[in-house]
Amino acid sequence: MPLTCNMNCDKDLDVIYKGTTPTFNFNVCLDMSLIDKANTHIIFTSGPTVVDKSGDDITIEGENMSCSLTQQDTLSFKGSQANIQILVSMTSGQKPASSIMTIPVSATLRGDEPW
């Protein structure tokens with residue numbers, strides 16, 4: 001079993017707009033029945049902001065893993081891009097990690113104001 005694999009983000013989502021609530025879908029090349037979801041993390045960083053999704057924040061269906069960001073999450077992003085990495089815990093104790101993916105972060109006409 002590889003310790004790293006290419007967990008591609010949904011290609012339809014090519015930018016994060018501040019204040020939106022996007023859902024990210026990842027095709028994970030691991031045996032999903034062996035994933036310890038409680039100790040698996042999907043981490044987003046933007047500037048000094050770190051958003052860590054784990055446990056019940058993550059949905060697993062078939063070969064896909066997904067998570068959503070809240071409006072508060074995307075409004076907290078301070079940089080012009082977000083980095084995303086999946087850190088998986090397997091029931092066997094193995095800890096595979098994805099490569100770091102980068103996606104642009106853009107403002108809406110509301111700026112940093114929620115709606």
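In which strand is Ser66 found? Ser66 is found in strand E7, where strands are DSSP runs of E with at least two residues and helices are runs of H or I with at least four, numbered from the N terminus.

First, a word on the basis of what follows. The model is predicted, so that local features need pLDDT of at least 70 and side-chain atom pairs count only at pLDDT 80 or more, while totals for chains, interfaces and linings use all residues. Residues are numbered from 1 along each chain as its sequence is written, and side-chain values use heavy atoms, with hydrogens and water left out.

Is Ser66 buried or exposed? Ser66 is buried, its relative accessible area being 14%; buried means under 20%, exposed over 50%, and partly exposed in between, with a 1.4 Å probe and protein chains only. Leaving aside residues up to four places away in sequence, Ser66 touches Thr23, Phe24, Asn25, Asp57, Ile58 and Thr59, a contact being heavy atoms within 4.5 Å.

Let us turn to the sheet around this residue. Three strands form an open sheet, ordered E3-E7-E6 with antiparallel pairing. Strands E3 and E6 stand at the edges with a single partner strand each, so one side of each has no neighbour in the sheet. From one strand to the next, the twist averages 20 degrees, where axes are lines fitted to C-alpha atoms, for helices over the stretch in contact, and angles run from 0 to 180 degrees between N-to-C directions.

As a reminder, strands of a sheet pair through backbone hydrogen bonds, either parallel or antiparallel. Here two strands count as paired if DSSP finds at least two bridges between them. Strand E3, residues 23–27, pairs with strand E7, residues 64–68, over five bridges in the antiparallel sense; within this pairing, Thr23 has Ser68 of E7 as its bridge partner. The bridge partner of Thr59 in E7 is Ser66. E6 and E7 form a hairpin with two residues between them, and Gly62 in the turn has a positive phi of about 60 degrees.

I come now to the aromatic residues. How many aromatic pairs does the structure hold? The structure holds two, where rings of Phe, Tyr and Trp (its six-membered ring) pair if their centres lie within 6.5 Å, and planes under 30 degrees apart count as stacked, over 60 as edge-to-face and the rest as tilted. Phe24 and Phe26 are stacked, at 6.3 Å centre to centre with 15 degrees between the planes. Phe24 and Phe44 are tilted, at 5.1 Å centre to centre with 55 degrees between the planes. This second pair links distant parts of the chain, with Phe24 in strand E3 and Phe44 in strand E4 (residues 41–46), 20 residues apart. Phe24 and Phe26 are both buried, and Phe44 is buried as well. Ring pairs link Phe24, Phe26 and Phe44 into a cluster.

One further residue deserves mention. Val88 lies in the loop between strand E8 (81–87) and strand E9 (97–98), and counts as buried at 1% relative accessibility. Val88 and Lys37 are 51 residues apart in sequence, yet 7.8 Å apart in space, C-alpha to C-alpha.

Finally, the chain as a whole. There are one helix and 10 strands, in the pattern β-β-β-β-β-β-β-α-β-β-β along the sequence. Of the 115 residues, 38% count as buried.
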